[in-house]
Amino acid sequence: MEHEREQRVKRTQRDYSFAFKMMVVYEVEKGQITYSQAQTKYGIQGKSTVLTWLRRHGQQDWTSKIMPTSSKRQLTPQQQIRQLEKQLAAEKLKTEFIEDVIYHMDKECGSDLGKKYIEHVSKIGKPKDN
C-alpha cells in the first residue's frame, strides 16, 4: 500500500533523453504501438508529449493528427494502411462476386447486364458534365 501512495514526480519533455524520444517515435511510426499506448507503456504523463515528439522528430506528417478520444483510438499510419488494405481486399471480393453473378446471368438468362455494368464502371471517375 505504501508504494501506491507514493507521489509521482512530474517530468517535463526536457527530462527525457533524445535517444529515448527517438525510440518511442520509432515504435509508433513502425506501427508497433499508438502514441497513446506509448504514453501508457513508458509512463509519460503529458497527453501530447509523444505527439510533440512525433511532430518534431518523426519521419511522417503528424501535423494534422488529432488527440484520440476515449471512444476512438488514433491509428498509426501503418495501422491505417493495414486497415485500408483489408477494406480493399473485401471490396475486390465483392466486385469479383458481382462480376461472376453478371456473367452467369448473361450466359444463362441471355441478359446484357455485363455490357451495362462495363459501361457503368467506365463512367466512374470521369467528370460529370454540368
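**Labels and their grounds**

Modeller: This is a predicted model. Start with a helix pair: T95, I98, E99, I102, M105 and D106 in α5 meet L113, G114, K115 and Y117 in α6.

Biologist: What is the make-up of that contact of α5 with α6 by class?

Modeller: The contact has 5 nonpolar, 2 polar and 3 charged residues.

Biologist: At what angle do helix α5 and helix α6 pack?

Modeller: About 145 degrees, and the axes are 8 Å apart. Helix α5 covers residues 77–109, and helix α6 covers residues 113–123.

Biologist: Now α3, residues 35–42. Which residues of this helix are buried?

Modeller: Y35, A38 and Q39.

Biologist: What makes the buried residues of α3 line one face of the helix?

Modeller: They fall within an arc of 105 degrees when viewed down the axis, so they share one face. As a rule, an α-helix has 3.6 residues a turn, so residues three or four places apart point the same way.

Biologist: What covers the buried residues of α3?

Modeller: The cover includes α2 (18–29) and α4 (49–57). On the other side of α3, T40 and K41 are exposed. G43 follows the helix, with a positive phi near 65 degrees.

Biologist: Why is E27 called buried?

Modeller: Buried means under 20% relative accessible area. E27 has 11%, so E27 is buried. This residue is found in helix α2.

Biologist: Which residues is E27 in contact with, leaving aside neighbours within four places in sequence?

Modeller: Q32, I33, K41 and Y42.

Conventions:
Residues are numbered from 1 along each chain as its sequence is written. This is a predicted model: local features need pLDDT of at least 70, side-chain atom pairs count only at pLDDT 80 or more; totals for chains, interfaces and linings use all residues. Side-chain values use heavy atoms; hydrogens and water are left out. Buried means under 20% relative accessible area, exposed over 50%, partly exposed in between (1.4 Å probe, protein chains only). Helices (H or I, at least four residues) and strands (E, at least two) are DSSP runs, numbered from the N terminus. The arc is that of the directions from the helix axis to the C-beta atoms. Contact means heavy atoms within 4.5 Å. Axes are lines fitted to C-alpha atoms, for helices over the stretch in contact, and angles run from 0 to 180 degrees between N-to-C directions. Ala, Val, Leu, Ile, Met, Phe, Trp, Tyr, Cys and Pro count as nonpolar, Asp, Glu, Lys and Arg as charged, and the others, Gly among them, as polar.
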